[in-house]
Amino acid sequence: TQPLVVRVYLFCNRPPRGRHSELPRHPIHHPFRTMASTFVGAPTALRAQVAPRRGSRSTRALTRADAAAQASPAVTPATVGSRSGSASVKGTVRKQNEDRFASYTNPNAKDGSPYAIYSVFDGHGGFAVSEWLKQNLAGLIVEEWPKADFCLEALSQACLRADYELIQPPAGFFGAFGERGVGGAKCGSTAVIATLFEQGGKPALATANVGDARILLVRDGKAVQLSVDHVPDDEAERKRIDRGNPNLRKSLVTFTEGSWRVGGVLALSRAFGDAFLKESGRFEGLGERNADYGSGFGLNAEPDCYIEQLTPGDSWVMLSSDGLFANDERGGGGGFENQEIADFLLAAPADASPESLAKELCSMAVSKGSTDDVTVTLMRL
C-alpha cells in the first residue's frame with residue numbers, strides 16, 4: 001500500500017495560497033510567522049512529478065545479502081555516529097571551497113526528539129553564510145523542536161529564524177548605512193537537512209531543503225528524492241516569484257548568461273542570505289542606504305519538508321550539494337543521476353565506511369567533469 005499523502009499548512013492570519021507559498025511581510029515583532037506548504041509521506045510517483053529526474057537507470061535487483069542487511073533499520077541513537085560520514089572537495093574552477101557540512105548527535109535524546117541532525121550547505125558569494133549555518137542551524141532546530149506542534153513546523157521555523165538573522169544590517173544606529181547580511185549582501189547558501197528521531201521506538205526521518213541541494217533515500221533499491229530543486233527554471237517557482245511583482249510588463253525572473261535567474265543575477269529561487277534580494281524588515285521605507293536591495297524579488301528561505309517512517313527496505317540516506325548531480329541547464333555538475341547513486345551505494349562492500357564512500361562519490365563527480373564544489377554526507381540505515 002502507498003503511504004498516506006497529507007498536505008500540511010502552517011499559517012497565521014491568512015488562508016493558504018498553494019504549494020509554493022510566498023513569505024508574508026510581517027512586522028518586526030513577528031518576523032517568523034509564515035505559511036509553509038509541505039508534502040508529507042508522498043509516494044515516489046508524486047515526488048517524481050515535483051522534481052523530475054532525467055535518465056534514471058533501471059533499478060537493479062536486490063541480492064540476498066542486501067535483503068538480509070535490510071531486515072530492519074540498524075540505525076539507533078547509539079550507533080548513528082558510527083554509521084555516517086562526510087566528504088567535501090573544492091571545485092576545479094573555484095578559488096575556495098564554499099560548501100560546508102555539519103552533524104549533531106544526541107544518543108540520550110528522548111522519544112520524539114531528534115537524536116541526529118545532518119546538514120549540507122552550498123555557499124555562494126563566499127562561505128560566510130554556509131559557515132554560519134554550520135555553526136548555528138542545528139541549535140535552532142533543537143530549540144524549535146519542543147515548541148512546535150509538528151516536527152516539520154520546527155524545521156521550517158528554524159530555517160526562517162536563521163534567514164532572518166542572516167540578512168540583518170550591522171547592529172547599532174549606523175547599521176542603516178552599512179551593507180546588510182552576514183558576509184555581505186551577495187553572500188548566500190542553499191541547505192539540505194536530515195533529522196532522525198524515534199516515535200514510539202520506531203525510527204523516523206524528517207527532512208528540509210532550501211535551494212537545489214538534494215536529499216536521497218534509498219528504499220527497496222530505488223532512489224527517492226526527499227527534496228525539491230528550488231531553481232528559477234521551475235515554472236511553479238517563477239509564478240510564485242512573479243505573484244508579488246508590481247511590474248506586469250517585466251518578470252522578476254530573466255534568462256541571463258545561459259540560465260534563468262532571479263533579478264537577473266541569482267540562479268536559485270530560494271536561498272539563505274542574499275540580502276540584496278530580500279527585505280530586512282527594519283529600515284525599508286526609512287531611507288536605508290542601498291534601499292533597492294530591500295525591494296524584494298520573491299527570494300526566500302522557506303523550506304520544502306518531508307517526513308518518512310523508516311522501513312526495513314530503507315538502506316541509505318544521502319545529502320549532497322548540487323555539484324554531484326547532472327546539471328545540463330546551468331552547468332558545473334558532476335553528471336550523476338539519482339538512481340546511479342543508489343546503485344553505487346547498494347553495490348558497495350558491507351564493510352565500506354560511509355566516509356570512504358562519500359569521498360569516492362566526490363572523486364567520481366570530479367572525474368565526470370564537475371567543476372563545482374562537491375559535498376556528500378551519507379548515513380547507512
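1. The model is a predicted one, in which local features need pLDDT of at least 70 and side-chain atom pairs count only at pLDDT 80 or more, whereas totals for chains, interfaces and linings use all residues. Residues are numbered from 1 along each chain as its sequence is written, and side-chain values use heavy atoms, with hydrogens and water left out.

2. R100 is found in strand β4, helices (H or I, at least four residues) and strands (E, at least two) being DSSP runs numbered from the N terminus. Its relative accessibility is 16%, so R100 counts as buried (under 20% relative accessible area, with exposed over 50% and partly exposed in between, for a 1.4 Å probe and protein chains only). The R100 side chain also makes a polar contact with the side chain of E131, at 2.7 Å. Leaving aside residues up to four places away in sequence, R100 touches S119, V120, F121, F127, S130, E131, K134 and T375, contact meaning heavy atoms within 4.5 Å.

3. The helix α3 has 17 residues and reaches 23 Å from its first C-alpha to its last, close to the 24 Å expected at 1.5 Å a residue (the expected span being 1.5 Å times one less than the number of residues). A kink of about 40° in α3 is centred on N136, the bend at a residue being the angle between axes fitted to the seven residues ending there and the seven starting there. The buried residues of α3 are V129, S130, L133, L137, A138, L140, I141 and E144, and what covers them includes β4, β5, α4, β6 and β12.

4. I141 touches I117, L155, A158 and I193, residues up to four places away in sequence not being counted.

5. Which backbone oxygens does the side chain of R180 reach? R180 lies in the loop between α4 and β6 and is buried, with a relative accessible area of 3%. Its side chain reaches the backbone oxygen of I167 at 3.1 Å, and the backbone oxygen of A275 lies 2.9 Å from a polar atom of that side chain.

6. The count of aromatic pairs comes to two, where rings of Phe, Tyr and Trp (its six-membered ring) pair if their centres lie within 6.5 Å, and planes under 30 degrees apart count as stacked, over 60 as edge-to-face and the rest as tilted. W145 and F197 form an edge-to-face pair, 5.3 Å centre to centre with 70° between the planes; W145 lies in the loop between α3 and α4 and F197 in strand β6, 52 residues apart, and both are buried. The rings of F255 and W260 have their centres 5.4 Å apart and their planes at 70°, so this pair is also edge-to-face, but F255 is exposed at 52% relative accessible area and W260 is partly exposed at 30%.

Note on methods:
Polar contact = N/O pair within 3.5 Å; in protein donor to acceptor, adjacent residues only side chain to side chain.
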